[in-house]
Amino acid sequence: MKKLFKILILFAVALSLFACNKKNDVNTKANKTKEVETKTASSIELSEMPIERFDFQTMDIMDGNVIKSEDFYKEKNLTLVNVWGTFCGPCKEEMPDLGKLHEEYKDKVNFLGVVVDTNASMDTNVEEGQKIIKDSGVNYTNIMPNPTTEDSLVNITAIPTTFFVNSEGKVLGGFVGQQDKDSIAATIDKLLEEINNFY
């Protein structure tokens, strides 16, 4: 019994190093046996996301300003959306790289963080989220969930999840789990090339 317990603990630790399950999420959609479709256009194979659009009108966690998706997406042809939580180790490890990528690509790509375990009522994990953002050197917008985001976020069953959105708000695909900086950069470059060729 002790041996079985140790194996289960090791498995849980290994899983947590890759991605965190969202807290309090009992959504069974993740258990579907359907194969994950991929797009072949990038360095990282982009998995099909369980949402077609990610629309929102909510607050920036740092200053409380209202952010609307239709305005945010129109600024650039491509937006990187990173869904993360204050309790998630891999999310926090990934953020400094995302901060550096934002500095490199801010003239071409929007970056947006979604802090899933906070809320726009400002009464859950907000100070902790703000501290993580500051400590990681992230200077891009991070929003808090509210009713306008719930229908989409309920379908994201593990974090970090990163996906890409075009200027019309359509989700192009993404990936689940922590990714390295060079792979994300290669994916961004490929998507920018495709978008520029399209337009």
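1. Asn65 sits in the loop between strand E4 (57–59) and strand E5 (66–68). Helices and strands here are DSSP runs, numbered from the N terminus; a helix (H or I) needs at least four residues and a strand (E) at least two. With a relative accessible area of 43%, Asn65 is partly exposed. On this scale buried means under 20% relative accessible area, exposed means over 50%, and partly exposed lies in between, with a 1.4 Å probe and protein chains only. Leaving out residues up to four places away in sequence, Asn65 touches Thr58, Met59 and Asp60; contact means heavy atoms within 4.5 Å. Asn65 and Ile143 are 78 residues apart in sequence, yet their C-alpha atoms are 9.4 Å apart in space.

2. A word on the basis of these values. This is a predicted model, in which local features need pLDDT of at least 70 and side-chain atom pairs count only at pLDDT 80 or more, while totals for chains, interfaces and linings use all residues. Residues are numbered from 1 along each chain as its sequence is written, and side-chain values use heavy atoms, with hydrogens and water left out.

3. The whole chain comes next. The protein chain has six helices and eleven strands. Of its 199 residues, 48% are buried. Among contacts between residues at least 6 apart in sequence, 79% join residues at least 24 apart. The chain exposes about 11,000 Å², and carbon and sulfur atoms supply 51% of that area. Accessible areas come from the Shrake-Rupley method with a 1.4 Å probe; for residues, only the protein chains shown count as cover.

4. How many aromatic pairs does a search of the whole structure find? The search finds six. Rings of Phe, Tyr and Trp (its six-membered ring) pair if their centres lie within 6.5 Å; planes under 30 degrees apart count as stacked, over 60 as edge-to-face, and the rest as tilted. One of the pairs is Phe54 with Phe56, which is tilted, at 5.4 Å centre to centre and 40 degrees between the planes. Both Phe54 and Phe56 are buried. A second pair is Phe111 with Tyr140: the ring centres are 5.6 Å apart and the planes are at 40 degrees, so this pair is tilted. Phe111 belongs to strand E7 (residues 109–115) and Tyr140 to the loop between helix H4 (126–136) and strand E8 (141–143), so the pair ties together parts that are 29 residues apart in sequence. Phe111 and Tyr140 are buried. One aromatic cluster is formed by Phe54, Phe56, Phe72, Tyr73 and Phe163.

5. Two helices deserve a look. Two packed helices are described by the angle between their axes and the distance between the axes. The axes of helix H3 (residues 89–105) and H4 come within 9 Å and cross at roughly 45 degrees. Axes are lines fitted to C-alpha atoms, for helices over the stretch in contact, and angles run from 0 to 180 degrees between N-to-C directions. H3 and H4 are therefore oblique to each other; angles under 35 degrees count as roughly parallel, over 145 as roughly antiparallel, 65 to 115 as roughly perpendicular, and the rest as oblique. Lys92, Met95 and Pro96 of H3 make the contact with Ile132, Ile133 and Ser136 of H4.

6. Pro90 is found in helix H3. Pro90 is buried, at a relative accessible area of 5%. Its C-alpha atom is separated by 9.2 Å from that of Gln179, 89 residues apart along the chain.

7. Cys20 is part of strand E1 (residues 20–21). Is Cys20 buried or exposed? Cys20 is buried, with a relative accessible area of 10%. Beyond its neighbours within four places in sequence, Cys20 is in contact with Phe87, Cys88, Gly89, Pro90, Ala158 and Ile159. Cys20 and Pro160 are 140 residues apart in sequence, but 7.0 Å apart from C-alpha to C-alpha.

8. Pro160 lies in the loop between strand E9 (158–159) and strand E10 (161–166). The peptide bond leading from Ile159 to Pro160 is cis, with omega near 0 degrees.

9. The loop between E7 and H4 holds Met122 and also Asn125. Met122 is not a glycine, yet has a positive phi of about 65 degrees. Asn125, not a glycine either, has a positive phi of about 55 degrees. Met122 is partly exposed at 39% relative accessible area, and Asn125 is partly exposed at 32%.
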